[in-house]
Amino acid sequence: MKTLADAFEHTLQDIYYAENALTKALPKVAKAATSKKLKDAVESHLAETKEQIKTLDKVFKSIGKKPEGEKCDAIEGLIKETDGLIEEAEGEALNAMLIGACQAVEHYEIARYGTLREWAKVLGHTEAHDLLTAILDQEKAANSKLTNLAVSEINEAA
């Protein structure tokens, strides 16, 4: 990578891989959750993630590139960590740990989408900028929902 355009395309492929990986990982998280509200939140975000992939397809199209993923070591690590928590945690701690793991993913996505959005702006990719802003807003809202659930219910039970 030598240009900002190269970095933009690489990072877009990275997050595309990450979102697709999450569609496979989130059902396991939902199954592990013992809180109905957490299970519902994870399932809702799974549906949202599938829509975000369609939005990313539009981002690729808007810059004249084919949608494809590039292995994302960060998301692989976060998923591996979550799998370990599912194996190790139990009882009241499990839901608290799952929220923490989900928020780690949300924070990663917020960082990536924030970066991509600003690069799209600098590169003059107006449509990509608008699409990425919409996804960024969804990720921030998902993180906020998780925080509220943790503070109002899950952490109190743990």
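How many helices and strands are there in the protein? I found five helices and zero strands, where helices (H or I, at least four residues) and strands (E, at least two) are DSSP runs numbered from the N terminus. Read from the N terminus on, the elements run α-α-α-α-α.

A note on sources before going further. I am working with a predicted model, where local features need pLDDT of at least 70 and side-chain atom pairs count only at pLDDT 80 or more, while totals for chains, interfaces and linings use all residues. Residues are numbered from 1 along each chain as its sequence is written, and side-chain values use heavy atoms, with hydrogens and water left out.

**Overall shape.** I looked up the spans of the C-alpha trace along its principal axes and got about 50 × 25 × 20 Å.

**Burial and surface.** Buried residues make up 44% of the 158 residues; buried means under 20% relative accessible area, exposed over 50%, and partly exposed in between (1.4 Å probe, protein chains only). The protein exposes about 8,300 Å², and carbon and sulfur atoms supply 52% of that area. Accessible areas come from the Shrake-Rupley method with a 1.4 Å probe, and for residues only the protein chains shown count as cover.

**Contacts.** Among contacts between residues at least 6 apart in sequence, 79% join residues at least 24 apart. Contact here is heavy atoms within 4.5 Å.

**Aromatics.** I searched for aromatic pairs and the structure holds one. Y16 and F60 form this pair, which is edge-to-face, with 5.3 Å centre to centre and 80° between the planes. The pair links distant parts of the chain, 44 residues apart: Y16 sits in helix α1 (residues 4-32) and F60 in helix α2 (residues 36-62). For the cut-offs, rings of Phe, Tyr and Trp (its six-membered ring) pair if their centres lie within 6.5 Å; planes under 30 degrees apart count as stacked, over 60 as edge-to-face and the rest as tilted. Y16 is buried, and F60 is buried too.

**Two residues I clicked on.** Is T82 buried or exposed? T82, in helix α3 (residues 73-88), is buried, with a relative accessible area of 8%. Leaving aside neighbours within four places in sequence, T82 is in contact with V29, L98 and A101. K31 lies in helix α1 and is exposed, with a relative accessible area of 72%. I also took the C-alpha to C-alpha distance from K31 to N148: 21 Å in space, for 117 residues in sequence.
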